[in-house]
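Me: Got a new model to go through. Can you walk me around it?

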Amino acid sequence: MPASHYDQLDEIFLSYLLTAIEAEETPYDPENLIPAMFVKCALSLNLHYKDLRNNRVCNVLKSRPHATVLSETLLVSFNRAESLTGIFPQSEDGVRKIMLDLFGSPDTAELFFTNDVKVLIEVLHRNVIDRGEGDPDRV
């Protein structure tokens, strides 16, 4: 992505996306499709940040008291092994990357409730058990 795009896709834009994701149903979006699209957008933007210190998505999430809808969406997608950002089979999994980024910092790891973390551990445990010894995804 050209560097000039990052001027527009800044913390203010990301804060708007995350606020819209967490918003209640609105009259102009009766099917509640906007949060799902905005989650995909936030995950796609997160793929551009390799260094956690410069990750604008995580930095904006640090300043939020909660991200309930986002964390629920991530857990459901992680459980189903869905890639919300993968258009091509070889593309990096946006859900997996943002989960690693969020749990890579104590400030953002606190966005997940204790029961959410227990569910995540159960999903990881089940995935390890269900995979064969030679499976590279088992690691």
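Predicted model: local features only at pLDDT ≥ 70, side-chain atom pairs only at ≥ 80, totals over all residues.

Me: Fine. How many helices and strands does the protein have?
Reply: Eight helices and zero strands. From the N terminus on, the order reads α-α-α-α-α-α-α-α.

Me: How much of the protein is buried?
Reply: Buried residues make up 34% of the 139 residues. The protein exposes about 8,900 Å², and carbon and sulfur atoms supply 56% of that area.

Me: What about contacts between residues at least 6 apart in sequence?
Reply: Of those contacts, 64% join residues at least 24 apart.

Me: Now charges. How many salt bridges are there?
Reply: A search of the whole structure finds three. One of them pairs Glu11 with Arg56, with the closest N and O atoms 3.7 Å apart. Glu11 lies in helix 2 (residues 11–22) and Arg56 in helix 4 (residues 56–62), so this pair ties together parts that are 45 residues apart in sequence.

Me: Which residue does Asp51 bridge to?
Reply: Arg53, with the closest N and O atoms at 3.5 Å. Arg53 is exposed because its relative accessible area is 68%, and the cut-off is over 50%. Asp51 is partly exposed, at 30%.

Me: And what does Asp101 pair with?
Reply: Lys97. The closest N and O atoms of Asp101 and Lys97 are 2.6 Å apart. Both residues lie in helix 6 (residues 94–103), four residues apart, which is about one turn of the helix.

Me: What else does the Lys97 side chain reach?
Reply: The backbone oxygen of Tyr49, at 2.7 Å. So Lys97, which counts as buried at 8% relative accessibility, has this contact besides its salt bridge with Asp101.

Me: Switching to the core. Which residues touch the most other members?
Reply: The largest nonpolar core has 28 residues, and Val57, Leu61, Leu70, Leu74, Met99 and Leu102 touch the most other members. The elements giving two or more residues to this core are helix 2, helix 3 (34–46), helix 4, helix 5 (68–80), helix 6 and helix 8 (114–130). Helix 2 supplies the largest share, five residues.

Me: What does Val57 touch?
Reply: Leaving out residues up to four places away in sequence, Val57 touches Leu14, Ala42, Leu45, Asn46, Tyr49 and Ile98.

Me: Last topic, helix 5. Which of its residues are buried?
Reply: Leu70, Ser71, Leu74, Leu75, Ser77 and Phe78. The buried residues of helix 5 pack against helix 2, helix 3, helix 4, helix 6 and helix 8.

Me: How far does helix 5 reach?
Reply: Helix 5 has 13 residues and spans 18 Å from its first C-alpha to its last. That is close to the 18 Å expected at 1.5 Å a residue.

Me: What comes just after helix 5?
Reply: Ala81, which takes a positive phi of about 60°.

Notes. Residues numbered from 1 in each chain as written. Heavy atoms only, no water. Salt bridge = Lys/Arg side-chain N within 4 Å of Asp/Glu carboxyl O. Buried < 20%, exposed > 50% of the residue type's maximum accessible area, 1.4 Å probe, protein only. Core = buried A, V, L, I, M, F, W, Y, C linked by side-chain atoms within 4.5 Å. Contact = heavy atoms within 4.5 Å. Areas by Shrake-Rupley, 256 points an atom, 1.4 Å probe, with all protein chains shown as cover. Polar contact = N/O pair within 3.5 Å; in protein donor to acceptor, adjacent residues only side chain to side chain. Expected span 1.5 Å × (residues − 1).
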